[in-house]
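Try each task before reading its solution.

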Amino acid sequence: MKFELFTQAALTEDLPDFQLRKGDLVTVVEHLPANEHHEEGYVVEVFDVLGKTMHVLSLRSTQLQALKPNAVPSMREVASSL
């Protein structure tokens, strides 16, 4: 699936190194086209609920999914060392 820049997507898997879980929301900020060395991907930004940037990550396109109707976002805390 192709994601438009500055739209939200959800993670398809846990990313424990970043305290992120499947279903967490991210914002797509850059498209990384596939080449002979890397599959297609995206640079995403992860924000806390107050809008502060927590992470900027490069992910494979398979690690993202489009938002679905009837899905409800939630709030959870992560370690304050971020």
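A residue counts as buried when its relative accessible area is under 20%, as exposed when it is over 50%, and as partly exposed in between. Keep in mind that you're looking at a predicted model.

**Exercise 1: the overall chain**

Task: work out what secondary structure the chain has, and how its radius of gyration compares with the globule rule.

Solution. Start by counting elements: there are 0 helices and 5 strands. Reading along the sequence gives the pattern β-β-β-β-β. Along the principal axes, the C-alpha atoms fill a box of roughly 40 × 30 × 20 Å. Finally, apply the cut-off above: 28% of the 82 residues count as buried.

**Exercise 2: salt bridges**

Task: find the salt bridges in the whole structure and say which parts of the chain each one links.

Solution. The search turns up 2 of them. Let's take them in turn.

- Step one: Arg-60 pairs with Glu-13, with 3.8 Å between the closest N and O atoms. Arg-60 sits in strand S4 (residues 53-60), while Glu-13 is in the loop between strand S1 (8-11) and strand S2 (25-32), so to speak a link between distant parts of the chain, 47 residues apart.
- Arg-60 has 36% relative accessibility, so it's partly exposed. Glu-13, at 29%, is partly exposed too.
- Step three: Asp-24 and Arg-76 form a salt bridge with an N to O distance of 2.4 Å. Here the loop between S1 and S2, which holds Asp-24, is linked to the segment after strand S5 (64-65), which holds Arg-76; the two residues are 52 apart.
- Asp-24 has a relative accessible area of 18%, so it falls in the buried class, whereas Arg-76 is partly exposed at 30%.

**Exercise 3: the aromatic pair**

Task: locate the aromatic pair and classify its geometry.

Solution. You'll find 1 pair in the structure. The rings belong to Phe-3 and Tyr-42: their centres are 5.4 Å apart and their planes meet at 90 degrees, so this is an edge-to-face pair. Now place the partners: Phe-3 is in the segment before S1 and Tyr-42 in strand S3, so the pair ties together parts 39 residues apart in sequence. Both Phe-3 and Tyr-42 are buried.

**Exercise 4: the largest pocket**

Task: describe the largest pocket by its volume, its lining and the classes of its residues.

Solution. The volume comes to about 810 Å³. There are 28 lining residues, and those closest to the centre are Asp-24, Leu-25, Pro-73, Ser-74 and Met-75. S1, S2 and strand S3 (41-47) are the elements that give two or more residues to the lining. Sorting the lining by class gives 15 nonpolar, 5 polar and 8 charged residues. Notice that Asp-24 also turned up in Exercise 2, as the salt-bridge partner of Arg-76.

**Exercise 5: a loop residue**

Solution. Then take the distance: Gln-63 and Ala-10 are 53 residues apart in sequence, yet their C-alpha atoms are 8.4 Å apart in space.

Note on methods
Residues numbered from 1 in each chain as written. Predicted model: local features only at pLDDT ≥ 70, side-chain atom pairs only at ≥ 80, totals over all residues. Heavy atoms only, no water. Salt bridge = Lys/Arg side-chain N within 4 Å of Asp/Glu carboxyl O. Helix = DSSP H or I, 4+ residues; strand = E, 2+ residues; numbered from the N terminus. Buried < 20%, exposed > 50% of the residue type's maximum accessible area, 1.4 Å probe, protein only. 1 Å grid on protein atoms, 1.4 Å probe; cavity = no way out; pocket = protein on both sides within 12 Å on 5 of 7 lines; lining within 4 Å. Points joined across faces, edges and corners; volume = space filled by probe spheres on them. Nonpolar A, V, L, I, M, F, W, Y, C, P; charged D, E, K, R; others polar. Phe/Tyr/Trp six-rings, centres within 6.5 Å; stacked < 30°, edge-to-face > 60°. Rg over C-alpha atoms; globule rule 2.2 N^0.38 Å.
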